Amino acid sequence: MNKNTLDRDTIYLKSNFLYGKDFEYKRGILAVEEGIIKGFTREHIRDTINYKGIVIPPLINAHTHIGDNAIKDIGINKTLDDLVKPPNGLKHRFLNSCSEEQLINGIIDGLHDLKSNGILYFCDFRENGITGIDLLKRAFAKFKEYFTEEYLGWSNTLCGDIQFNNLFNMPPSPIILGRPTTSNIEELKKEIREILKVADGIGLSGCNEYSDEELKIIRKEDYKIFSIHANEHENSIKYSKETYGKSEIERIIDLKINPTFIIHATHTTPYEGEILREYNIPVVVCPRANASFNVGLPDIHNLLRNNILIGLGTDNFMANSPSIFKEMDFIYKIYHIDPKEILRFATINNGKILGLEGVGLIEEGYRGIFTFIKDTPSIRYSKNIVASIITRCERGDIYNFIVDR
Ligand SMILES: [Zn+2]
């Protein structure tokens, strides 16, 4: 193997793969041409990149709040309202007491955490308007310095002598949803426009914090991703019913603000399941975070029955590790859904929900972006490889080039 092998337009990766949407276990040589998967080849290839573990589609975390990584585990056993309700929740008070440097270092640590868990994309709800977005961007720029050729150099690894490149060492890329800080209508419009110049969309804490008019204005201005927490806990639903005469999900539908996806739906009635399906609104569930906050668990079976596109997220860094492996394991243990379905939540479904084109499967036409699982006791001798991956793998099972800082 020499450097030129990786400089070629086509890379041949010889390994074990989870192929297609049914995650068929395949051993072979996968051709990736100019970053796009061309399929398996039977040709005799001399210069293959050999990887001894298993190559799976990229893991994606569809909901995080990475900004609160600097205040891990504040408020254990406090109620959700005490903790996160803006503007006076514990979270906001603690964050206000942090220096900018602490916040940025917290975010950089969070990025390492994502990386070591094999996550290649994450969608973050960035609070505090333009300032919050700027913090994440600065942290990400610093984090990317770990990826320079100079720092990484060459390595003798399972793959042999290969140079680190994009295929093997991609940073977890943020999809940033900003949140406005103002409520005066004219200022709000202006702020939304400014946020959308630097972010991928808008992510709101919930509709209870906004009037009908404000929600409509935000949605009208937002031509990118629009996402909102909804029906997270019984108190928020109760407040919505008392104030607006309907649940948060019903209100979102009635206002026709048509979110790209909603977060949580911890509590859904059969009727809400039906209207989410009717309006084709995906749901990103975060059951471990719901359990942390003791607010109940989402009725994933109800969502599945209604054919709703389900994605996975881990929510607040302060309350929950961003590990999608832990999330998948938890879901299997609680719900006993087919492991393949659970892996789809974290890969292809999250890719679709976030609008990541060609990301989420190992299949012809998809981008050659992968998560690499090492050949470890977690997967050896497995008789159901997808089940072993989702219930046994952890950060130590990920082939991660930059974890040793
Ligand atoms: Zn959240």
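First, the ground rules. Because the model is predicted, local features need pLDDT of at least 70 and side-chain atom pairs count only at pLDDT 80 or more, while totals for chains, interfaces and linings use all residues. Residues are numbered from 1 along each chain as its sequence is written.

Confidence next. pLDDT is the predictor's confidence in each residue, from 0 to 100. The protein averages 91, and 91% of the residues score at least 70. Residues 150–165 have pLDDT below 50, and this stretch has 27 contacts in the model beyond near neighbours in sequence. Two residues are in contact if their C-beta atoms, placed from the backbone, lie within 7 Å. Where pLDDT is low, the predicted coordinates should not be read in detail.

Now the sheet. Strands here are DSSP runs of E, at least two residues, and helices are runs of H or I, at least four, numbered from the N terminus. Two strands pair if DSSP finds at least two bridges between them. An open sheet of 5 strands has the order β3-β2-β1-β4-β16, with mixed pairing. Neighbouring strands are turned by 50° against each other on average, direction ignored. Inside the sheet, β1 (residues 10–19) and β4 (residues 49–56) run parallel and are joined by 4 bridges. Lys14 has Asn50 in β4 as its bridge partner.

On to the helices. The axes of α14 (residues 324–335) and α15 (residues 339–353) come within 10 Å and cross at roughly 145°. Those axes are lines fitted to C-alpha atoms over the stretch in contact, and angles run from 0 to 180 degrees between N-to-C directions. From α14, the contact takes in Ile324, Met328, Ile331 and Tyr332; from α15, Pro339, Ile342, Leu343 and Ala346. By class, that is 8 nonpolar, no polar and no charged residues. The nonpolar class is Ala, Val, Leu, Ile, Met, Phe, Trp, Tyr, Cys and Pro; Asp, Glu, Lys and Arg are charged, and the others, Gly among them, polar.

Last, the backbone. Asp315, a residue other than glycine, has a positive phi near 65° and lies in strand β15 (residues 315–316). Tyr381 also has phi near 65°, but sits in the loop between β16 (371–373) and α16 (385–392). Which of the two words, buried or exposed, applies to Asp315? Asp315 counts as buried because it has 29 C-beta neighbours inside 10 Å; Tyr381, with 6, counts as exposed. The cut-offs are 20 or more other C-beta atoms within 10 Å for buried, 12 or fewer for exposed, and partly exposed in between, with C-beta atoms placed from the backbone.
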